[in-house]
Amino acid sequence: MPKRLNLTLAGIVSCFFVACTTTSNSPLAGGQRLRNVRTTAYTHSEGSGCHNALGCRLSGQQVMSAASDWSRFPLGTRFRIAETADEYIIDDYGTALVGTDTIDLYKPTQLEMKRWGVRRVDIDVLQWGSDEQSLKVLTPRCKHNCVRQMLAGLQQKQTQKKRKLLTSL
């Protein structure tokens with residue numbers, strides 16, 4: 001029971017940080033346009049349920065949920081699709097996304113999901129998410145292979161940041 005309580009509390013705290021974070025821990029600043037990003041779509045009826053990786057409900061509202069490999073697009077990354085002006089936040093991940101630069105966009109219905117299909121779009125990164133928050137959420141889940149792969153990617157990014165910092169001194 002205490003372990004379940006700890007995971008629930010960690011999920012709530014992570015939801016808070018994702019919603020309230022205003023600074024970026026990524027080497028790239030917000031306001032960056034990424035061109036030709038591969039996107040797919042998913043919906044809650046595909047088997048993952050109505051909740052994201054943090055345990056919060058998937059959002060199909062003003063700022064919608066999206067999933068990615070968190071070592072590529074960290075937890076909390078906010079972006080807008082240039083063509084549609086739809087805004088998303090990375091709050092989920094999926095096994096098929098690990099090792100790719102694909103972003104999976106949450107759609108509230110199967111019809112919307114099928115209409116989206118697979119598209120290459122330009123996205124405007126409004127705010128990069130946090131590698132540290134990604135690590136905090138993923139570390140307790142390291143028994144899963146896809147999580148171990150994301151953790152390895154995040155740890156590699158941290159090592160590269162430390163090397164850059166040391167060489168700039």
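Guide: In this predicted model, the side chains of Arg80 and Glu87 meet in a salt bridge, with N and O 3.5 Å apart. The two partners fall into separate accessibility classes: Arg80 has a relative accessible area of 30% and is partly exposed, whereas Glu87, at 15%, counts as buried. The limit that places Glu87 among the buried residues is a relative accessible area under 20%.

A further bridge links Lys157 with Asp131, where the closest N and O atoms are 3.1 Å apart. Lys157 belongs to helix H4 (residues 145–168) and Asp131 to helix H3 (residues 131–138), so this pair ties together parts that lie 26 residues apart in sequence. Both partners are classed as buried: the relative accessibility of Lys157 is 18%, and that of Asp131 is 0%. As for the bridge described at the outset, salt bridges with shared partners join Arg80 and Glu87 with Arg78 into one network.

Arg72 and Asp101 form another such pair, their side chains meeting at 3.1 Å, N to O. Here the partners sit in loops: Arg72 lies between strand S2 (63–67) and strand S3 (78–81), and Asp101 between strand S4 (87–92) and strand S5 (103–106), so the contact ties together parts 29 residues apart in sequence. Arg72 is partly exposed, with a relative accessible area of 34%. Asp101 is likewise partly exposed, at 46% relative accessibility. The pairs described above are among the seven salt bridges that the structure holds.

The setting of these pairs is the fold of the protein chain, which comprises four helices and six strands. Along the sequence, these elements follow the pattern α-β-β-β-β-β-α-β-α-α. Of the contacts in the chain between residues at least 6 apart in sequence, 76% join residues at least 24 apart. The Lys157 and Asp131 pair connects parts 26 residues apart, and the Arg72 and Asp101 pair connects parts 29 residues apart.

With regard to burial, 42% of the 169 residues in the protein chain are buried; among them are Glu87, Lys157 and Asp131. The accessible surface of the chain amounts to about 9,600 Å², and carbon and sulfur atoms account for 54% of that area.

Conventions: Residues are numbered from 1 along each chain as its sequence is written. This is a predicted model: local features need pLDDT of at least 70, side-chain atom pairs count only at pLDDT 80 or more; totals for chains, interfaces and linings use all residues. Side-chain values use heavy atoms; hydrogens and water are left out. A salt bridge is a side-chain nitrogen of Lys or Arg within 4 Å of a carboxyl oxygen of Asp or Glu. Helices (H or I, at least four residues) and strands (E, at least two) are DSSP runs, numbered from the N terminus. Buried means under 20% relative accessible area, exposed over 50%, partly exposed in between (1.4 Å probe, protein chains only). Contact means heavy atoms within 4.5 Å. Accessible areas come from the Shrake-Rupley method with a 1.4 Å probe; for residues, only the protein chains shown count as cover.
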